[in-house]
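The following exercises concern the architecture of a single chain.

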Amino acid sequence: QDKLQYRQTACEGDTLLVTAPKSDSYSWNGPNNFSSTLQNLKLVGLTSNANGKYILNRSLYGCKLQDSIIVKVNP
């Protein structure tokens with residue numbers, strides 16, 4: 001998988017796992033000052049506070065790449 005899915009919908013209380021493509025480094029940023037350096041985005045016990053755009057900056061063999069996903073949490 002080379003790119004993340006553009007949009008992901010889940011329900012309140014769910015766990016959302018987004019698997020990022022293989023890279024040398026990862027930096028996730030998102031709503032409410034969310035940040036992580038793990039490969040995969042894992043959001044547990046979703047609430048409406050998780051709504052928004054999550055951006056993944058990563059590098060692979062010295063090339064800088066950026067992906068993003070929009071998360072929508074339904075009640």
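Lys and Arg count as positive and Asp and Glu as negative, while His and the chain ends are not counted. The model examined here is predicted.

**Exercise 1.** State how many positive and how many negative side chains the chain has, and how far apart the centres of the two sets lie.

*Solution.* Under the counting rule above, the chain has 8 positive side chains and 5 negative ones. The centres of these two sets lie 5 Å apart.

**Exercise 2.** Determine which secondary structure elements the chain has, and explain how its radius of gyration relates to the globule rule.

*Solution.* Step one: the chain has seven strands and zero helices. Step two: read from the N terminus, the order is β-β-β-β-β-β-β. Step three: the radius of gyration is 12 Å, close to the 11 Å that the globule rule gives for 75 residues, so the chain is as compact as a globular protein of that length.

**Exercise 3.** Describe how strand β7 pairs with β1 and with β6.

*Solution.* Begin with β1 (residues 7-11), which runs parallel to β7 (residues 63-74) and is joined to it by five bridges. Here A10 stands opposite V73 of β7. Next, consider β6 (residues 52-60): nine bridges join it to β7, and the two strands run antiparallel. Within this pairing, G52 has V71 in β7 as its bridge partner. Finally, examine the connection: β6 and β7 form a hairpin with two residues between them. In the turn, Y61 has a positive phi of about 55 degrees.

**Exercise 4.** What percentage of the residues in the chain is buried?

*Solution.* A residue is buried if its relative accessible area is under 20%. Buried residues make up 32% of the 75 residues.

Technical notes:
Residues are numbered from 1 along each chain as its sequence is written. This is a predicted model: local features need pLDDT of at least 70, side-chain atom pairs count only at pLDDT 80 or more; totals for chains, interfaces and linings use all residues. Side-chain values use heavy atoms; hydrogens and water are left out. Helices (H or I, at least four residues) and strands (E, at least two) are DSSP runs, numbered from the N terminus. The radius of gyration is taken over C-alpha atoms; the globule rule is 2.2 Å times the number of residues to the power 0.38. Buried means under 20% relative accessible area, exposed over 50%, partly exposed in between (1.4 Å probe, protein chains only). The place of a charge is taken as NZ of Lys, CZ of Arg, CG of Asp or CD of Glu. Two strands pair if DSSP finds at least two bridges between them.
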